[in-house]
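Please study the sequence and the model shown below.

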Amino acid sequence: MEELEYRLRKYIAEMDFEKAAKLFLELTEKERFDMILSLGFETFNLTIYAFMNYLLQHHESSEIHDLTSSLLLHPLCHLEGACVIALFHAKKAVELDPDNIDLYISLLMFEKHPDVWFAQSEVEEVYRRIKDLESKNLK
């Protein structure tokens with residue numbers, strides 16, 4: 001385990017979210033995703049979600065909502081209600097960055113999810129928005 005990942009894991013486990021956030025914010029987006037999801041799969045600890053909420057309170061962004069959604073949808077999916085909360089974070093990510101096509105594509109992971117009610121009208125709106133963004137990108 002790398003030194004950075006070790007320190008991040010230690011700070012989160014100790015609930016020293018201020019130090020963890022400082023370290024987290026110095027990482028690249030890919031490093032953030034990799035470390036948080038890895039930590040989630042290795043520990044299945046809800047403290048990671050508490051840390052993500054701390055980050056959202058102090059540094060809210062579409063990226064952090066998207067990562068929080070992935071954390072809940074994948075490593076922490078076994079927790080009651082995790083997938084519904086994951087959908088909330090995915091929607092919030094889109095709300096904060098409505099021109100990011102990748103966030104809409106992430107929303108489609110909930111389309112047929114057995115634990116989440118994602119209205120057909122919402123699904124259709126996501127597909128329409130993806131088509132709109134694709135056509136803008138082609139111009």
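Q: Is the crossing in which α5 passes α6 left-handed or right-handed?

A: A crossing is left-handed if the near helix is turned anticlockwise from the far one by less than a right angle, and right-handed if clockwise. Here α5 passes α6 in a left-handed crossing. Helices are DSSP runs (H or I, at least four residues), numbered from the N terminus. This is a predicted model, in which local features need pLDDT of at least 70 and side-chain atom pairs count only at pLDDT 80 or more, while totals for chains, interfaces and linings use all residues. Residues are numbered from 1 along each chain as its sequence is written, and side-chain values use heavy atoms, with hydrogens and water left out.

Q: At what angle do α5 and α6 pack?

A: Two packed helices are described by the angle between their axes and the distance between the axes. Axes are lines fitted to C-alpha atoms, for helices over the stretch in contact, and angles run from 0 to 180 degrees between N-to-C directions. Helix α6 (residues 82-96) packs with α5 at an angle of about 160 degrees, and their axes are 8 Å apart. Therefore α5 is roughly antiparallel to α6 (over 145 degrees).

Q: Is H65 buried or exposed?

A: Buried means under 20% relative accessible area, and exposed over 50%, with partly exposed in between (1.4 Å probe, protein chains only). H65, in helix α5 (residues 62-73), has 3% relative accessibility and therefore counts as buried. Its side chain makes a polar contact of 3.0 Å with the side chain of H89. A polar contact is a pair of N or O atoms within 3.5 Å; within protein, one must be able to donate a hydrogen and the other to accept it, and residues adjacent in sequence count only if both atoms are side-chain atoms.

Q: How are α1 and α3 arranged?

A: Helix α1 (residues 3-13) and helix α3 (residues 29-43) pack at about 60 degrees, with axes 11 Å apart.

Q: Which residues does E5 contact, leaving aside its neighbours within four places in sequence?

A: E5 is in contact with M35, S38 and E42, those neighbours aside. A polar contact of 3.5 Å joins the side chains of E5 and S38.

Methods:
Helix = DSSP H or I, 4+ residues; strand = E, 2+ residues; numbered from the N terminus. Contact = heavy atoms within 4.5 Å. Parallel < 35°, antiparallel > 145°, perpendicular 65-115°, else oblique.
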